[in-house]
Amino acid sequence: MNASLKTDKADLTQIRRLENELRQLRKKEKKHALVEKTLAISQASINELANLLPNSVFELDMKGNVVFANTAGLNVFGLTQKDLKKGFTAFDVIAPESHEDVRKNMQKVLKGGQEHMPHQYLGLKKDGTKFPVLLQSSSVIKNGKAVGIRGVILDITKMQEAHDLISKAKSELEHTVEMRDIELKISVEKLHRILEQIISAFASTIEKRDPYTAGHQQRTATLAQAIAHKMGLSVETIKTIYMASLIHDIGKIYVPAEI
């Protein structure tokens, strides 16, 4: 009888212990469910806020699948939430010629954590249109390990167009300046030739007025030119000295021939 009572008491103790563990487990389950519900609400709020951002925000898993993209990000590539639900990868929205660069930079981000400078790629819209984009990203870390990539994409089509227009305008301006320089140089050369002709005419007139000293001005000019050259003067200065020497006796024009 006593053995039976002991057994019943032991069983009752075991049952109460199990009931207590069950109650504790149910409490934990409720807390876990509450945490999951809170996380789900928080995630939904974060997604709603992300959809309000003007910039394109995205997140990839380790295989490059797009697991999240805000409305602006989808619009950039002509995509919708339906396309996101169907699933697509980062390589579906990047032109083939940029795939290798994207692959290398994804590996760097997963190893290094974050890109300090954005990279330029060639984006690919749903309709096949290619356009320039800037992308900056960082790794998603959970429990000390990289589990994906998140970042921002900027459509720089208008920036590129503006840059091209500026480059074209700069090129046209440089060409115009170059042409004007050429025209100015030609005009200056023409003026120099006219000036030389005028000076030669003056020199010829002076010699005719004073045949006794014919050739004197030319010899003076040649000698002055040689001296200037020996002094190491500039080409323009030597030329100016030569021209001035040719007409250094120009005052003789006003002296009467009989004198």
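This is a predicted model: local features need pLDDT of at least 70, side-chain atom pairs count only at pLDDT 80 or more; totals for chains, interfaces and linings use all residues.

Reader: What share of the residues in the protein chain is buried?

Author: Residues are numbered from 1 along each chain as its sequence is written, and side-chain values use heavy atoms, without hydrogens and water. Buried means under 20% relative accessible area with a 1.4 Å probe, protein chains only. Of the 259 residues in the protein chain, the buried share is 23%.

Reader: Which residues touch the most other members of the largest nonpolar core?

Author: A nonpolar core joins buried Ala, Val, Leu, Ile, Met, Phe, Trp, Tyr and Cys residues through side-chain atoms within 4.5 Å. The largest one has 22 residues, and those touching the most other members are Leu-60, Phe-77 and Phe-88.

Reader: Which residues does Phe-88 contact, leaving aside neighbours within four places in sequence?

Author: Good one to look up in the viewer! Contact means heavy atoms within 4.5 Å. On that basis, the partners of Phe-88 beyond four places in sequence are Asn-65, Val-66, Leu-74, Leu-79, Asp-83 and Val-93.

Reader: What is the volume of the largest cavity?

Author: A cavity is a set of points on a 1 Å grid over the protein atoms alone where a 1.4 Å probe fits but cannot get out; lining residues have an atom within 4 Å of a point. Lining the largest cavity are 24 residues, with Phe-58, Leu-60, Ala-90, Leu-135 and Ile-153 nearest its centre. Grid points are joined across faces, edges and corners, and the volume is the space filled by probe spheres set on them. For the largest cavity, that comes to about 260 Å³.

Terms used
On a 1 Å grid over the protein atoms alone, a cavity is a set of points where a 1.4 Å probe fits but cannot get out, and a pocket is an open set with protein on both sides within 12 Å along at least five of seven lines; lining residues have an atom within 4 Å of a point. Buried means under 20% relative accessible area, exposed over 50%, partly exposed in between (1.4 Å probe, protein chains only).
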